[in-house]
Every structure is written in C-alpha cells, then in structure tokens.
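Here is a short report on selected parts of one protein model. Please look at the sequence and the structure first.

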Amino acid sequence: MFSVAPETKKAGPVVAPPVSKREEKLRKKLGKDYVGQSPYRVSRAFREGDRYTKLSAVIFGLGNFVHKQFLKGAVLLGMEVAFIVFMVSTGASYIAALPGLGDAEQKKVLVDGYWEYQQGDSSVLILLYGVSTVALCLLFIMLWVVNVRSAFKAQLDVARYGRAASTKDDMRALLDEKAHQLLMFLPTLGILTFTVLPLIFMISMAFTNYDHKHLVLFDWVGLNSFGAVFSNAGGTVNLRIFISVLAWTLVWAFFATFLNFFAGLFMAMLINRKTTRGKGFWRAAFSMSIAVPQFVSLLVMNTMLQPQGAINRLLMDWGWIDQALPFFTDATWARVTVIVVNLWVGIPYTIMQITGILQNIPEDQYEAARLDGANSWQIFRKITMPYIIFVLTPYLITTFTGNVNNFNVIYLLSGGAPTPVGDSAGKTDLLITWLYKLTVDKNDYNLGAVIGILTFVVLAVVSLITYRNSGSYKNEEAFR
C-alpha cells in the first residue's frame, strides 16, 4: 500500500461484506489455501459506489481521472476507444460474417478485354477472424470488470486515506505484493494467444464441413462430423477405426510410460549401488542417447528394421531366419517393435530423473530399517518405492500424456504401418498421428478437429482422475 500521513493510518480497514455460507464452506474445505473474495467486487461497486464509479462502467477511467489517477485513467480510456474503433471498422463485420462463413465464390470477370479473377470469401479466414473477435470481446469484458473495480478502489482509498494511489505507488505494489501478477502477465497472455485461441478455433472447426471437398467455402453442420466418427457406415473414418486407434493409443501410452519407468528405475538403482564401479561412466553412457537428436535415431532404426534392412540381412546371413522378420508389416510385430525401440529412447531420461531422487532419500531411513532387520526387498517396498512414487506422480502423469501425443516415435519409426486397405489409420497409429494424416494428407480438417477434441477429453479425464487420487495431490505438504 502507498505511504500516507500518520493521522490517516488510524483509519479502519476496508469493511468487507458479510461472508456467505458458501464462502464459509470453501474456507473450511480449503483451509489456508482459501482466498477470500475481493472487497472491490463489481456488484459492491454498483451498490456502494459514487456516481463517478458507476459512470466508469460507460466511460472507462472516469473514476480514475476524478481521483487524479490520470495515467491509469488514460490507459483505460485509450483501450476502450481502441476497442470501439476496431469493432466499428472491422470487428462487427467479422462477427456478422461468422454465422454464414461466407458464400461468395471466386469469379472470372472480363475487364478491358482481359480476364481477371475476383477473390471470393475464405471460410477459414472468416472463422479465424470471427473467433478472434469474439475472444477479444471477452477480453474487453474482463477489462470492463478491471476498470469498474479500479474506479471503486480509488473511491475507497480517497475515503480512507484522503487520496488514491499514485503511479509510483502502483509500480511499487507491482514489484512487491503484486509481483506475481506482473510476472504471470506475459505467460498468461502467451497461453491465451497461442494455446486457448487455437484450441477454440480447432473446436469450432469440428462443427463445420471443412474437408477435402470444401477447402475454400464451408458451412456449419452441427454434430455431423462427430456422427461420422461414431457411425458404423463404413468409409475412411468410422467407429471401428476410432475404437481401434483409441485402444492402441491407451495401451501404447501405458507400456511406454511404465516399462520406461520400471526399467529406468532398475538401471538407476543398479548404478546407484555402493558396489557398482564407474558410476559416472555408466550415467554418461546412457546420457549419450539423449544427446543424439531423436528424429535421427528413429529414422536410422526405421531403415535398419525394414525387410531389406541391416538387422534382417544380418540375421539371414547368420542363418538364424529364413525370411525377413515382419517388423512393420505385421500388426503385432509392429506394435511390439515401437514399444521396444521407445524403451531404448526413453530409459535414459528416467535414469536421470530417478538418480537424483535416490540421492536425496535420507540415509538415516535406510539405516533405521536395517537396524530393525529389514531386508533389501522390504527396504525397497517400504522406503524407496513410496518415496519415488510420491515425487514422480506428476512426472508420470505428464509422461503418460506425452506418450498419448508421442508423434515422433510412431510417425518417424513406423509411420503408422501396417495400414489395412481402405482405412485411414494404421495399426500403430495413435490418435495424434491419425489426426495428422486426416488433416495434412487427406485435408479432412473437420474430422481431424473431432479427433483432437476427443484426444483432449481422454487426456483430461485420465490425468485429473489419476492426479486427484495420488498422494502428491492429497498430501502436498510432505512425504510420509
């Protein structure tokens, strides 16, 4: 808070409205994590605010100007004017075109004896600009809330301290008690711009017929794209293919996550043993695979595992096999192959993670267990494993999510092969690689958007249920 004269400091604090029953329940449930409602709420501003505070809902920054916060008032008023100018000039037209997504086709017109093409509407641009404008309107509503609360706060500060906060006071607060808001502003803006807005755009696309037949002009079709994915009518996309790809995606993510985890745990514990010599050498050896670009390793492995690749040739030359092993031509072989190769790629990362955790487990816990007569298996089961699981649960959830979306390993290693005739997805395709093929290869962006939404739903449900039932969530304070 800004500095004030000694006599004004005797004024009482801002009196907050009575706490509701709902807030009382939240306070009991969340404990010290509970954050009470702000005393500068919009509803309270309209009930208790003066006329300048209420007029600030129409003229941004008016309350700040009246209470001599000229810079803040000018910024808020400038943002309101900029928004109004944008909406009047182009924003309103973007929103107006959003329901129809355009209908003007490209035309060829004869001008002065020469044929010229007149550009028609582009539904993609109309959808993009429309969604962006709607998002900007939502941000403007948030700005409106900030503006009203700022005017009301200035009014209360004048009543308590005789003056509102100056620009220096606001800057000092941003660098002190409100530093978290300053530090989180740019990351939040980046998330909204590069994550949330594209996500909304993709979700919108799922309700259109934006496919290879409608690349320039398309229309809203409601849930037709979802119906195509969940139908049994045949075609390149149907319920049978979706269930097959979803089942394999979850199986892949499970084995890719937990095989890497347990194999990496075993190797890390083996290297961390007191009797193991050359610990630095072994850790460096496993780290070498991390230093090599993953796409190079996967493309090399793809070449080596082909029917005429180095591995099949070597095995046939040794007389161990009579014909090439079907690494990527048989569904079972292909799925086992990508899981095994992923072990080679992922185990070094797990070793690095678990090595650091093992070195931070208090040694006195091991000594106490040995004095109580515990053997190695009991020590591992009662001390080492619970500690590792507690610390690594968020990491395992993140790894599972990453494996569901592990585009590199599948696309660069197997390319989704083998692919049955007539299907749009191969036997090793994940939801993410299937989405890529539907959009980039087949230009069926609406179906790809549906797959993207369903992938998000699956990941959200699995991650939330798993994390909320883990010890890392239920006992964040300390490991027991």
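## About the model

This is a predicted model: local features need pLDDT of at least 70, side-chain atom pairs count only at pLDDT 80 or more, and totals for chains, interfaces and linings use all residues. Residues are numbered from 1 along each chain as its sequence is written, and side-chain values use heavy atoms, with hydrogens and water left out.

## Helix α8 against helix α19

Helix α8 spans residues 179-205, and helix α19 spans residues 445-468. Helices here are DSSP runs (H or I, at least four residues), numbered from the N terminus. The axes of α8 and α19 come within 7 Å and cross at roughly 120°. Axes are lines fitted to C-alpha atoms over the stretch in contact, and angles run from 0 to 180 degrees between N-to-C directions. The two helices are therefore oblique to each other. Angles under 35 degrees count as roughly parallel, over 145 as roughly antiparallel, 65 to 115 as roughly perpendicular and the rest as oblique.

The crossing of α8 and α19 is left-handed (the near helix is turned anticlockwise from the far one by less than a right angle; clockwise would be right-handed). Contact means heavy atoms within 4.5 Å. From α8, M202, I203 and M205 meet Y445, N446, A449, G452 and I453 of α19. These contact residues are 6 nonpolar, 2 polar and no charged. Ala, Val, Leu, Ile, Met, Phe, Trp, Tyr, Cys and Pro count as nonpolar, Asp, Glu, Lys and Arg as charged, and the others, Gly among them, as polar.

## Helix α16 against helix α19

Helix α16 covers residues 376-404. Its axis comes within 10 Å of that of α19, and the two cross at roughly 165°. That makes α16 roughly antiparallel to α19. The crossing is right-handed.

Which residues meet here, in α16 and in α19? P394, I397, F400, T401 and V404 in α16 meet T455, L459, V462, S463, T466 and Y467 in α19. The contact holds 7 nonpolar, 4 polar and no charged residues.

## Two loop residues

T276 sits in the loop between α10 (239-272) and α11 (279-291). T276 counts as buried, at 19% relative accessibility (buried is under 20% relative accessible area, exposed over 50%, partly exposed in between, with a 1.4 Å probe and protein chains only). A polar atom of the T276 side chain lies 2.6 Å from the backbone oxygen of L270. Not counting residues up to four places away in sequence, T276 touches L270, I271 and W282.

V292 lies in the loop between α11 and α12 (294-304). At 36% relative accessibility, V292 counts as partly exposed. V292 and V345 are 53 residues apart in sequence and 10.0 Å apart in space, C-alpha to C-alpha.

Terms used. A polar contact is a pair of N or O atoms within 3.5 Å; within protein, one must be able to donate a hydrogen and the other to accept it, and residues adjacent in sequence count only if both atoms are side-chain atoms.
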